[in-house]
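Please work through the following exercises with the sequence and the structure at hand. Each task is followed by a solution in steps.

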Amino acid sequence: MKIGIDKIGFYTPHMYVETEDLAIARNIEPGKFTIGIGQEKIAVPPITQDAVSLAANAALEILTDEDRDAIDYVIFATESGIDHSKAASIYIHQLLGLNRNTRSIEVKQACYSATAGIQMAKGHIALNPESKALVLGADISRYGLQTSGEVTQGAGAVAIVMSADPKIMTVESPSAYQTEDVMDFWRPLYSDTAFVQGKYSVDKYIGFFQDLFTEYTKKTGIGLSDLEAILFHLPYTKMGLKALKSILEDVNEADKTRLLANFDISKKYNATVGNIYTGSLYLSLLSLLERNTTIEPGERVGLFSYGSGAVGEFFTGILQPNYRKSLFKEQHEQMLTNRTVLTVAEYEAQFNDTLPVGVENIDLPTEKDPATICFAGIKDHMRQYVRKNK
Ligand code: CAA
């Protein structure tokens, strides 16, 4: 049975800051951010967007009534969770009006968890071929003002419907995966910004990619010449490029040219949104699918998923007949071009506009946020969401 991605939605907040402006404000040569790091824009979330509302907005555009009836598993992948106990997927279940007979959970393993969700959904559909699963990857990446990771912040969500006979891409078996206990990136419970050993995280990521690609080739016999593109988890776009280049040294020119050209297409959305943590690999997939003009149905792409801490996986997918017709390309392009640019001072004000710790009741200004679904505040310690009528 073919199982894989049937639909893929995406949402990012309506505000961003230019990395060039940020560089100037931080007394850094702009080329370091735009070329050395490879980021153009950083999405800036208002206080009225959190992981739940980002994911709900991403899913809203893609779900039909037929999907709502068939979805019986919601897997919410995030490392920006809003509650230690209740799964974010339950808020989504209510906001999207999903079927009562649904299993809803939240999963965590840094930026790897959406891939865990995809593989769990695949197993579920193999046992229940009529079912569909909704996999959400939503995060707000926060390193802090004037930190070395600041330029690699971002915010956004992807929503993926997994099904049998998918319209966009099958997910092939087997895959290669591995775990190693490393402290390259983490966020203790008391902190709303991440801790990172930046250079160490880059070394670990590249090492995982090389190990997993070798392991995958050993398991399947599939090599570089069988892949149209390799997609990467992209905390910042230069990181994926470094990993890709690390395996291209002794490769023939045709493979090298194709893989580098398609990498270029696959990084575009990520370069203008920033790091969305667990959704980042799938944002890169979306960028490739929506922006390429040459990749034909039947062709195979590789995907490298990495979550600090660390877990990694390399797997492949085959693009399906007419896959372009199932994309929401115009909506995504419009969303990205209609955003509002902030000055660095305005971005800093948004960054510092956080909820008071332990607040029992608060109303938030959802009228300033053009998103359909917003985080509206807290009532008796319970988070409130609003779905505006549009
Ligand atoms: N023009 C062009 N390029 C320039 C330049 C200029 N004027 N000035 C500098 N550069 C280049 C440098 O040569 C360097 O390129 P290479 O990496 O190819 O050598 C690049 O710009 C960056 O320069 P530095 O290494 O000096 O930058 P830095 O010390 O500020 O560190 C960083 C960069 C390590 C990426 C830092 O931004 C960071 O720590 N970011 C966060 C790290 C991160 O995102 N890691 C991934 C986390 S792991 C993960 O995936 C997250 C998860 O699971 C949740």
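**Exercises on backbone, contacts and rings**

Ala310 is found in the loop between strand 13 (300-307) and strand 14 (311-319); strands are DSSP runs of E of at least two residues, helices are runs of H or I of at least four, and both are numbered from the N terminus. The model is predicted: local features need pLDDT of at least 70, side-chain atom pairs count only at pLDDT 80 or more, and totals for chains, interfaces and linings use all residues. Residues are numbered from 1 along each chain as its sequence is written, and side-chain values use heavy atoms, with hydrogens and water left out.

**Exercise 1.** State which residue is joined to Ala310 by a cis peptide bond, and which to Pro174.

Solution.
- Step 1: Gly309 is joined to Ala310 by a cis peptide bond with omega of about 5 degrees.
- Step 2: Ser173 and Pro174 are likewise joined by a cis peptide bond, where omega is about -5 degrees.
- Step 3: The loop that holds Pro174 runs between strand 8 (169-171) and strand 9 (176-179).
- Step 4: For background, most peptide bonds are trans, and most residues other than glycine have a negative phi.

**Exercise 2.** Describe the phi of Asp165 and of Asn322, and locate both residues.

Solution.
- Step 1: Although Asp165 is not a glycine, its phi is positive, at about 45 degrees.
- Step 2: Asp165 sits in the loop between strand 7 (154-164) and strand 8.
- Step 3: With a relative accessible area of 60%, Asp165 is exposed (exposed means over 50%, buried under 20% and partly exposed in between, with a 1.4 Å probe and protein chains only).
- Step 4: Asn322, also not a glycine, has a positive phi near 60 degrees and belongs to the loop between strand 14 and helix 12 (329-337).

**Exercise 3.** Determine whether Glu150 is buried or exposed, and name its polar partner.

Solution.
- Step 1: Glu150 is in the loop between strand 6 (132-141) and strand 7.
- Step 2: Its relative accessibility is 2%, so Glu150 counts as buried.
- Step 3: The side chains of Glu150 and Tyr347 are joined by a polar contact of 2.6 Å (a pair of N or O atoms within 3.5 Å; within protein, one must be able to donate a hydrogen and the other to accept it, and residues adjacent in sequence count only if both atoms are side-chain atoms).
- Step 4: Beyond its neighbours within four places in sequence, Glu150 is in contact (heavy atoms within 4.5 Å) with residues including Leu22, Arg26, Ile42 and Tyr143.

**Exercise 4.** Classify the ring pair of Tyr143 and Phe185, then that of Trp186 and Phe195.

Solution.
- Step 1: The whole structure contains 19 aromatic pairs (rings of Phe, Tyr and Trp, the last by its six-membered ring, with centres within 6.5 Å; planes under 30 degrees apart count as stacked, over 60 as edge-to-face and the rest as tilted).
- Step 2: The ring centres of Tyr143 and Phe185 are 5.9 Å apart and the planes lie at 75 degrees, so this pair is edge-to-face.
- Step 3: Tyr143, in the loop between strand 6 and strand 7, and Phe185, in strand 10 (residues 185-186), are 42 residues apart.
- Step 4: Tyr143 and Phe185 are both buried.
- Step 5: Trp186 and Phe195 form a tilted pair, with 5.7 Å from centre to centre and 40 degrees between the planes.
- Step 6: Trp186 is partly exposed at 27% relative accessible area, and Phe195 is partly exposed at 32%.
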